[in-house]
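Please look over the sequence and structure shown here before reading on.

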Amino acid sequence: MTLRVTNTLTGEKEPFEPRDPDSVLLYYCGLTTSDPPHLGHARGWVHVDVMARWLDYLGYDVHHVENLTDVNEKIVARVGEDGDSESDVARHYVQQAIDDMRSLNLGRAEVYPRVSEHVPEIIDLVKRLVEQGHAYEQNGSVYFDVTSFEDYGKLSNQSVDDIESQGADTEGEKRHPADFALWKAGGVDPADIAEHQHPEAAPAEEACQTAQTWDSPWGEGRPGWHIECSAMSMTHLDESIDIHVGGQDLVFPHHENEVAQSEAATGKQFANYWLHVRLLETEEEKMSSSLGNYFAVADAVDEFGPDVLRTFLLSTAYTSRATYSDETIAEAEERWDRLSRGYERAVEACDDVDAYAKVTDEALRDAVEDARSAFEAAMNDDFNTREAMTALLDLTAAVNSHLDAHEQRDYQGLHRAVETFEEFGGGILGLAFGDDDSGDVSLAGEVVDLVLDIREQERDAGNYERADELRDELEALGVEVQDTDDGPTYRL
């Protein structure tokens, strides 16, 4: 089955045909490093991670680039709170972003370019646009002339006449209100960071003195926001790429302007497929740093763990509405519990003396192959992770039915089920099936056994209150204790 994707450029779900049949150039418009990454950012990260994993599964050589914006007025607004300069604040949140990515079990991109290390490439691209007549200089700033690019508005499906303005033009430098800055003269104006400042930050005048600037043919200044992604994508991928992914809120103006400046400079189509991840909502508003209604990734990982979070984020397709709430996170916990229990039961049964070579359960074997087919069909249908997750839950139900109904188990059927959990659930969805951490688990098991022995001694002595306290403390640490006729059992 051919992979099909929803292309914002055409407004259609269409077959994916890369420029090179053996490789895919994938660019993700990444984080501005001005605030702690939150679950809204994680939604984009995790879906792009799964896209890259699936493209790799399909046999493509995937070149995945994801930028980190470390030059921005919002970063300057945090000076004094998370660092003594714009570059210090950016370094703080770049490290936070990398740590959060690893904690979510994201595969590593090929490279994570930063704006500050690509200023020469940005200046070269701006010079190219000026020389071609697509950009003009005014008082040390350079603007893109939107009227010079005939297809301006094709991504966001609007015309130049529909656009009232882009950014402030207090100096009256623009030829057209919709023209946008490629290069900004000077540093950062305190008025530009006022709305982003926190009470703990340094005074605006002081913070702006730490803003980074660079020499250019037009004088000292800073790159505009939109030009950075074009320059970094062309530096690490090519002038024309296969897939460009970003948040839904970036279609206009950011991605529209990327299209205009890139295609005006090269004469080539910048990206063949534009994929946009719908924003995560909470209480009917988008989760946003500026609104302050976010759940930081680091806090969420501590509270729920990476597998519950990935299950939550992948339980809706990237094009579908997704809401964070107590109810939706509880649903994710329940789904991950079912999946991990199903996997563990299948593994234990495979390794049990009652798993036989000549026992055959056709219902189990058919269910495994049906789950594999359903998973592949879902992923080829625009990376539909919701349906892919459903296929694994159906596999879990089939494993449980087999184990509950048969004392003699079908080894080959169970082995194929385990392979499917690990290959698709682990390899594609990034869940920790078969996580090879046996040393730590073994040690944790020995400690739990010791505590349970002490609990049994307390119960035998009639100290039931203390025994219950030990059980509660274990559960608080993530150890689920069950009392059976054969004694207590537990699950980490």
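A residue is called buried under 20% relative accessible area, exposed over 50%, and partly exposed in between, using a 1.4 Å probe and protein chains only. Phe383, with a relative accessibility of 2%, therefore counts as buried. The model is predicted, so local features need pLDDT of at least 70 and side-chain atom pairs count only at pLDDT 80 or more, while totals for chains, interfaces and linings use all residues. Residues are numbered from 1 along each chain as its sequence is written, and side-chain values use heavy atoms, with hydrogens and water left out. Helices (H or I, at least four residues) and strands (E, at least two) are DSSP runs numbered from the N terminus.

**Backbone geometry**

- The peptide bond between Phe252 and Pro253 is cis, with omega about 5°. Pro253 belongs to helix 8, which covers residues 251-266.
- Glu283 is not a glycine, yet its phi is positive, near 50°. Glu283 sits in the loop between strand 11 (280-282) and strand 12 (285-286), and is exposed at 75% relative accessibility.
- Phe383 also has a positive phi, about 55°, without being a glycine. The loop that holds Phe383 runs between helix 12 (362-380) and helix 13 (385-405).
- Which of the two, Glu283 or Phe383, is buried and which is exposed? Glu283 is exposed, whereas Phe383 is buried.

**Nonpolar cores**

- A nonpolar core is a set of buried Ala, Val, Leu, Ile, Met, Phe, Trp, Tyr and Cys residues joined through side-chain atoms within 4.5 Å.
- The largest such core has 81 residues, and Phe375 and Phe383 touch the most other members. Helix 1 (residues 39-57) supplies the largest share of this core, 10 residues.
- Another core, of 43 residues, lies apart from it and includes Ile122, Tyr152, Val259 and Phe270.
- Contact means heavy atoms within 4.5 Å. Not counting residues up to four places away in sequence, Phe375 touches Trp54, Ala388, Ala391, Leu392, Phe424, Ile428 and Leu429.

**Cysteines**

- A disulfide is a pair of cysteine sulfur atoms within 2.5 Å, and by this rule there are zero disulfides.
- Cys229 is buried at 0% relative accessibility, and Cys208 is buried with a relative accessible area of 10%.

**Gly221**

- Gly221 is part of strand 8 (residues 221-223) and is buried, at 0% relative accessibility.
- Gly221 and Ser141 are 80 residues apart in sequence, and their C-alpha atoms are 7.8 Å apart.
- Setting aside neighbours within four places in sequence, the contacts of Gly221 are Trp183, Lys184, Ala185, Gly186, Thr213 and Trp214.

**Asp35**

- Asp35 lies in the loop between strand 3 (23-32) and helix 1, and is buried with a relative accessible area of 14%.
- A polar contact is a pair of N or O atoms within 3.5 Å; within protein, one must be able to donate a hydrogen and the other to accept it, and residues adjacent in sequence count only if both atoms are side-chain atoms.
- The side chain of Asp35 makes a polar contact of 2.3 Å with that of Arg78 and one of 2.9 Å with that of Ser34.
- Beyond neighbours within four places in sequence, Asp35 is in contact with Arg78, Tyr93, His198 and Ser289.
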